[in-house]
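Hi,

Here is the structure we talked about. Please open it alongside this note; what I found follows below.

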Amino acid sequence: MPSLREETSRRTRSRGTPTARASCWLAPRKRNDEVRALFARSETLETLAVVEDGRPIGLLNRNTFMEHYARPFARDVFGAGEGGYGTLTSVAGVGALVGSLSVVVLANRGRKAILLFAGPCAFAVALIGLSLSPTLAVAAGTLLLAGGATSIIHAWRSSGVVASS
């Protein structure tokens, strides 16, 4: 399989402009680990084209792929099936909502520096906690924190909410 750099340079030569989001393709018989590695190599790569015999036959979205790739986690680590995975995903979503509301409240009160410090620190604590989680309930708590921290970090990176303090 060509690397991201090889594909980007091929596109640059053929069309004149590199496009990181559409610069990578793969054959339909690639393993999930290979697909995950491609997404891991580039944060900006959102979609992979699936090409067979020179014709596009499908697209793989980063978020959808990673969601399906992570599903066995709840079953293999905690012995919880699809319901356990659904719980973990839902709790992370609630955390993201709480994090978004925190951005609005704290930014409007002039506490932007707290967000700048708290978001990345909370995310680091959540990842460490998730890796040490002995039960599904503890994992859910850490994902609640991770969801909130991720929301704060994305707001900061995307809109400069914190940068203008």
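**The hairpin**

Strands β2 (residues 47-52) and β3 (residues 55-61) run antiparallel and pair over six bridges. Two strands pair if DSSP finds at least two bridges between them. Helices (H or I, at least four residues) and strands (E, at least two) are DSSP runs, numbered from the N terminus. Two residues separate β2 from β3 in this hairpin, and D53 in the turn has a positive phi of about 55 degrees. E52 sits opposite R55 in β3.

A word on the source. This is a predicted model: local features need pLDDT of at least 70, side-chain atom pairs count only at pLDDT 80 or more, and totals for chains, interfaces and linings use all residues. Residues are numbered from 1 along each chain as its sequence is written, and side-chain values use heavy atoms, with hydrogens and water left out.

**The aromatic pair**

There is one aromatic pair. The ring centres of F39 and F65 are 5.9 Å apart and the planes are at 40 degrees, so the pair is tilted. (Rings of Phe, Tyr and Trp, its six-membered ring, pair if their centres lie within 6.5 Å; planes under 30 degrees apart are stacked, over 60 edge-to-face, the rest tilted.) F39 is in helix α2 (residues 32-41) and F65 in helix α3 (residues 62-70), so the pair ties together parts 26 residues apart in sequence. F39 counts as buried at 1% relative accessibility. F65 counts as buried at 9%. Buried means under 20% relative accessible area, exposed over 50%, partly exposed in between (1.4 Å probe, protein chains only).

Best wishes
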